[in-house]
Amino acid sequence: MGSAFGRFCMKFCCCCCCTADEDDDDEKEPLLPPDPLEYFNREVQKRRDEETNLWSTPGDPSHSERADDRTLHTLLQARNQTRMGSTGYRRLSVDIEAMRDTRREVRDKWKTILENLGFMAEADSLLNVTAGGSQDRMRNAPAARAMLNMLHTETSIFNSNKNPPPERYLFILDRLIYLDIAEDFVAKAKRFYPPKDSDESDEDPTGLGINLPLLLARMNGGAPGDDDDEEEEQSDASDRS
């Protein structure tokens, strides 16, 4: 009897000790990452990157699923590996800003329509799409997809109908459907931005005509002819003097 009671007490004590140890371990688990400041800076950089580049497929961290995202990403990589201030660096910067301007122009068109619908204060928030957006969480994905295709084929809100419309606007249309203003938005888009003539739509405003092999050459040591360009600039300057 006494030995049995002793074994029970030992078992109970061991269980209590184990439970206490587990509770201590849980309390020791950090609630924040090892370096909160680094985590915060990384998140801020992600948001700044998204706002600056307006990726067509925000949920693709590699920026390789779409040709236009892949081109812009390649340009950015090439510039990071090119000497700042060189002719190649300046050329890459021009190409990057051209693509960014095209994307900002599309976003501004959407903002214009939203403001015309009375959403002056909410336009920027409605147009904000983060990298964490998932189509699985959309409320009206099929209807949003149909409206996106309609805007792509029946308006010039995307500047070009050669390439598929940016996926980021699928999330925005899903919000507009939820707010019951999507049909009004599409109607105004058709009125504000009617389809362009075929001659105008033949232009390539997305920057996809950029010579990617040349960019890769710049990444691997600079484009041939850069030094010659700099020498010509110096020669021209001396001739003028």
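I take buried to mean under 20% relative accessible area, and I keep in mind that this is a predicted model.

**Two loop residues.** I looked up His63 in the loop between helix 2 (36-53) and helix 3, and its relative accessibility of 10% means that His63 counts as buried. The phi of His63 is near 55°, a positive value in a residue other than glycine. I then turned to Asn159, which lies in the loop between helix 6 and helix 7, and found its phi near 70°, again positive in a residue other than glycine. Asn159 has 8% relative accessibility and therefore counts as buried.

**Helix 6.** I checked the length of helix 6 (residues 141-154): at 1.5 Å a residue its 14 residues should span 20 Å, and its end C-alpha atoms are 20 Å apart, which agrees. I listed its buried residues as Ala144, Met147, Leu148, Leu151 and His152. They cover an arc of only 140° around the axis, so they sit on the same side of helix 6. I noted Pro142 and Thr153 as exposed on the other side of helix 6. The buried residues of helix 6 pack against helix 4 (87-116), helix 7 (168-178) and helix 8 (182-192).

**Helices 3 and 4.** I followed helix 4 to helix 3 (residues 67-80), where the two pack at an angle of about 150° with their axes 9 Å apart. Because angles over 145 degrees count as roughly antiparallel, helix 3 is roughly antiparallel to helix 4. I recorded the crossing of helix 3 past helix 4 as left-handed. Among the residues that meet there are Leu72, Leu75 and Leu76 in helix 3, and Leu92, Ile96 and Met99 in helix 4.

Definitions and conventions: Residues are numbered from 1 along each chain as its sequence is written. This is a predicted model: local features need pLDDT of at least 70, side-chain atom pairs count only at pLDDT 80 or more; totals for chains, interfaces and linings use all residues. Side-chain values use heavy atoms; hydrogens and water are left out. Helices (H or I, at least four residues) and strands (E, at least two) are DSSP runs, numbered from the N terminus. The expected span of a helix is 1.5 Å times one less than its number of residues. Buried means under 20% relative accessible area, exposed over 50%, partly exposed in between (1.4 Å probe, protein chains only). The arc is that of the directions from the helix axis to the C-beta atoms. Contact means heavy atoms within 4.5 Å. Axes are lines fitted to C-alpha atoms, for helices over the stretch in contact, and angles run from 0 to 180 degrees between N-to-C directions. Angles under 35 degrees count as roughly parallel, over 145 as roughly antiparallel, 65 to 115 as roughly perpendicular and the rest as oblique. A crossing is left-handed if the near helix is turned anticlockwise from the far one by less than a right angle, and right-handed if clockwise.
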